[in-house]
Amino acid sequence: MFVFRLDTHSGVPPYLQLVQQVRQAVLLGFLQPGDRLPLIREVVEDLAINPNTVAKAYRQMEQENLVTGRPGQGTFVDAQQSAALPASTYTSLRRGLETWLRRAYAAGLDEQAVDALLTSVHQHMKNEGVA
């Protein structure tokens, strides 16, 4: 079952963190069409947050057609939402990125420096029309 997590230091509102996690899980194929999200009360208990926050996230996901609520059954990932690439592609890319991150941290970069470098390279590639 899918498990949410919150980063209290990110500056991102909790409801948006929940929405982003579902978006990413669908994109990466961790959540498949028809998978049920945890019930609102389960998320509230697990994360110790306000039920209105979770309900707001679920409403946002419904508005984005990421999920569909079924009264009395729960909230389910929509069939039309699916991974853009095969899971094996993401797995391979993830391994490469993990290797790169290990090298970056071993070279002495901290989290902020890694984020700055990734952002810089990503922006450069966008400017070149690659991304």
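Which residues of strand β2 point one way, and which point the other way? G74 and F76 take one side, T75 and V77 take the other, and all are buried. Here, buried means under 20% relative accessible area, exposed means over 50%, and partly exposed is in between (1.4 Å probe, protein chains only). Before the close-ups, a word on the source: this is a predicted model, where local features need pLDDT of at least 70 and side-chain atom pairs count only at pLDDT 80 or more, while totals for chains, interfaces and linings use all residues. Residues are numbered from 1 along each chain as its sequence is written, and side-chain values use heavy atoms, with hydrogens and water left out.

**View 1. The whole chain, to get your bearings.** The chain has five helices and two strands, and from the N terminus they run α-α-α-β-β-α-α. (Helices are DSSP runs of H or I with at least four residues, strands are runs of E with at least two, and both are numbered from the N terminus.) The C-alpha atoms fill a box of roughly 50 × 30 × 25 Å along the principal axes. Of the 131 residues, 25% are buried.

View 2. Strand β1 (residues 67-70) runs antiparallel to β2 (residues 74-77), and four bridges join β1 to β2. Two strands count as paired if DSSP finds at least two bridges between them. Look for V67, whose bridge partner in β2 is V77, and for T68, which is partnered with F76. Three residues lie between the strands, and G72 in this turn has a positive phi of about 80°.

**View 3. Zooming in on T75.** T75 sits in strand β2 and is buried, with a relative accessible area of 10%. Skip its neighbours within four places in sequence, and T75 is in contact with D35, R36, L37, Y58, V67, T68 and G69. Contact means heavy atoms within 4.5 Å.

**View 4. Helix α2 against helix α3.** Helix α2 (residues 40-47) and helix α3 (residues 51-63) pack at an angle of about 130°, with their axes 9 Å apart. The axes are lines fitted to C-alpha atoms, for helices over the stretch in contact, and angles run from 0 to 180 degrees between N-to-C directions. That makes α2 and α3 oblique to each other: under 35 degrees is roughly parallel, over 145 roughly antiparallel, 65 to 115 roughly perpendicular, and the rest oblique. I40, V43 and V44 of α2 touch P51, V54, A55 and Y58 of α3. By class, this contact has seven nonpolar, no polar and no charged residues. (Ala, Val, Leu, Ile, Met, Phe, Trp, Tyr, Cys and Pro count as nonpolar, Asp, Glu, Lys and Arg as charged, and the others, Gly among them, as polar.)

**View 5. Helix α4 against helix α5.** Helix α4 (residues 87-106) and helix α5 (residues 111-127) pack at about 130°, with axes 10 Å apart, so they are oblique to each other too. On the α4 side you'll find W100, L101, A104 and Y105, which meet E111, V114, L117 and L118 in α5. Those contact residues divide into seven nonpolar, no polar and one charged.
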